Amino acid sequence: MAITVEVTRMFNKPRRLARLLVLLLAFAALLFLFLQFADVKHHTRIDRPRNLIDSVHYGIDAVQQHDHKDVTIQGETESPTVQSLNPDLVDSSNMDIPKKGRKVLPRNNMEVCEPIYGRVTVFTAMDQGSVKVRYGLAQRSLECYLASTNYTLVQVNLDTDERVKKHCKHKTTYFKKHCAAALYLEDTDWMLVLDADTGVINPNHCLEEYIDDRVDMIFYERFFNWEVACGNYIVKNTAQSRQFLMEYANMESEPHAPGVWLGFDNGPLQILILKQVMPFAQHIIDTCNQIWHSSKNYNQYTAYLLCVKMALGEQRLWPGKLRIYKRAHAWVRDGWLTSNEWTDFDFMIHGWKIEDMKNATQFASPFTQDFNVTQCGLGYSGWHFELSKKKTMEQIKKMLFNYEKKQMKSHPVEGRTPYFLTVPDVGECYPHCEDF
């Protein structure tokens, strides 16, 4: 009876009724959230992976795909160990690779280059006939620059070096150089490989500005034809890099029909990069390879360059593998683009085939006198700049823009037509074009 009276009083008072309703609604909301959480937890429980692709999406700890090490999958106890991980199945977004590279600013007034990536070696290789005949100015500018840094300089004579003679049986300087680079890479952490005609025009830079530790190999595009440059590149001392360079050197013996123009060591690099970053795209690899092996001259060769360029698209970074710098944005560019005029953004210049300035003809020198390396090492000592060659960023930008406009008109016709308008895109692979 007392309970009935109390309930009656409660319902007779609107405020008490409202409070009761609020409490009931709150309780119902908490119950709903609890049930939802229990359901989500049930459905998101991590089961043992059914295949390799599933496994790489939920926890590979510090995978070093380029060294082909065994990978232990993190998850439930007694997880299986996957042997010989295929790097192309790895979702790099789940790996210990930063999304953004480390930003290193240029030197300020020739300050010290901090070794944030470990030991750095600068490597050049020449045959006996070129050591002191063609590349003197470039090499002395490099030596003057290195006198102000802690980098190691390795200059290899490909004809007399015992290490090269033992392991590199290649016939030409072009390919023997890449074999030698693979050998000497084992002695350092990072290596800048340079053509012998590449010199330093602005020493107020550090090599660390251009190293990207998200990858093992770093290349750049040449400005005039979008070719990935073969003479100047940066490599990290890993099994992947060494294997890549040896495979590259061994492409000297690439089989081809008589009269085919393969482009010396420039051509093999393009298809090798395509195979490295897109091994699953066999049809486009075969298509570009076919165009390459059909080239009779440079103009036809540009069709091959376009094929590779279209296959790679605008992607320039493949984490764990390699990076390709956009034209005129790397550590080096061709000097004739701006007649050796330069700006603070520039570092090195390619194309200095000259022993010394005294005997130079048709060479717009950026220096007033030659290098005396014994004077180098303290600030700008030893650097004798021709001040009229130093330009503003806007001036160099305009020069590059004008060259681009000119190149749009003069670039070979063969290098303008997409591959799928020159060779069958489906007819040769149908119905297996999507089998990758």
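Trainee: Which residues have the most contacts inside the largest nonpolar core?
Mentor: Please keep in mind that this is a predicted model. The largest nonpolar core has 55 residues, and those with the most contacts inside it are Phe 123, Phe 219, Ile 273, Leu 274, Tyr 304 and Leu 312.

Trainee: Which helix gives the most to this core?
Mentor: Helix α10, residues 298-312, does so, with eight residues.

Trainee: And what is Leu 274 in contact with, leaving aside its neighbours within four places in sequence?
Mentor: Leu 274 is in contact with Pro 279, Ile 284, Ile 285 and Cys 288, and also with Val 308, Ala 311 and Leu 312.

Trainee: What other core lies apart from the largest one?
Mentor: There is another core of 41 residues, which includes Ala 138, Leu 207, Tyr 210 and Trp 383.

Trainee: How much of the protein is buried overall?
Mentor: Of the 436 residues in the protein, 46% are buried. As for secondary structure, the protein has eleven helices and twelve strands.

Trainee: What share of the contacts with a separation of 6 or more comes from residues 24 or more positions apart?
Mentor: Such residues account for 71% of those contacts.

Trainee: Turning to helix packing, at what angle do α7 and α8 pack?
Mentor: Helix α7 (residues 239-250) and helix α8 (residues 266-277) pack at an angle of about 140°, and their axes are 10 Å apart.

Trainee: Why is that pair called oblique?
Mentor: Roughly antiparallel would require an angle over 145 degrees. The angle is about 140°, and α7 and α8 are therefore oblique to each other. Their crossing is right-handed.

Trainee: Which residues meet there?
Mentor: From α7, the residues are Gln 240, Phe 244, Glu 247 and Tyr 248; they meet Asn 266, Pro 268, Leu 269, Leu 272, Ile 273 and Gln 276 in α8. By class, this contact of α7 with α8 has six nonpolar, three polar and one charged residues. Ile 273 also belongs to the residues with the most contacts inside the largest core.

Trainee: Now the loops. Where does Ala 328 lie?
Mentor: Ala 328 is in the loop between β10 (322-325) and β11 (332-334).

Trainee: Is Ala 328 buried or exposed?
Mentor: Ala 328 has a relative accessible area of 18%. The limit for a buried residue is under 20%, so Ala 328 is buried.

Trainee: What does Ala 328 touch, not counting residues up to four places away in sequence?
Mentor: Ala 328 touches Phe 223, Phe 345 and Leu 400.

Trainee: What about the backbone: which residues have a positive phi without being a glycine?
Mentor: Trp 226 is one of them, with a phi of about 65°, and Gln 362 is another, with a phi of about 55°.

Trainee: Where are they?
Mentor: Trp 226 lies in the loop between β7 (217-220) and β8 (233-236), whereas the place of Gln 362 is in the loop between β12 (348-350) and α11. Trp 226 counts as partly exposed, at 31% relative accessibility. Gln 362 is exposed, with a relative accessible area of 86%.

Trainee: One last point: which peptide bond is cis?
Mentor: The peptide bond from Tyr 430 to Pro 431 is cis, with omega near 0°. Pro 431 is in the segment after α11 (393-410).

Note on methods:
Residues are numbered from 1 along each chain as its sequence is written. This is a predicted model: local features need pLDDT of at least 70, side-chain atom pairs count only at pLDDT 80 or more; totals for chains, interfaces and linings use all residues. Side-chain values use heavy atoms; hydrogens and water are left out. A nonpolar core is a set of buried Ala, Val, Leu, Ile, Met, Phe, Trp, Tyr and Cys residues joined through side-chain atoms within 4.5 Å. Buried means under 20% relative accessible area, exposed over 50%, partly exposed in between (1.4 Å probe, protein chains only). Helices (H or I, at least four residues) and strands (E, at least two) are DSSP runs, numbered from the N terminus. Contact means heavy atoms within 4.5 Å. Axes are lines fitted to C-alpha atoms, for helices over the stretch in contact, and angles run from 0 to 180 degrees between N-to-C directions. Angles under 35 degrees count as roughly parallel, over 145 as roughly antiparallel, 65 to 115 as roughly perpendicular and the rest as oblique. A crossing is left-handed if the near helix is turned anticlockwise from the far one by less than a right angle, and right-handed if clockwise. Ala, Val, Leu, Ile, Met, Phe, Trp, Tyr, Cys and Pro count as nonpolar, Asp, Glu, Lys and Arg as charged, and the others, Gly among them, as polar.
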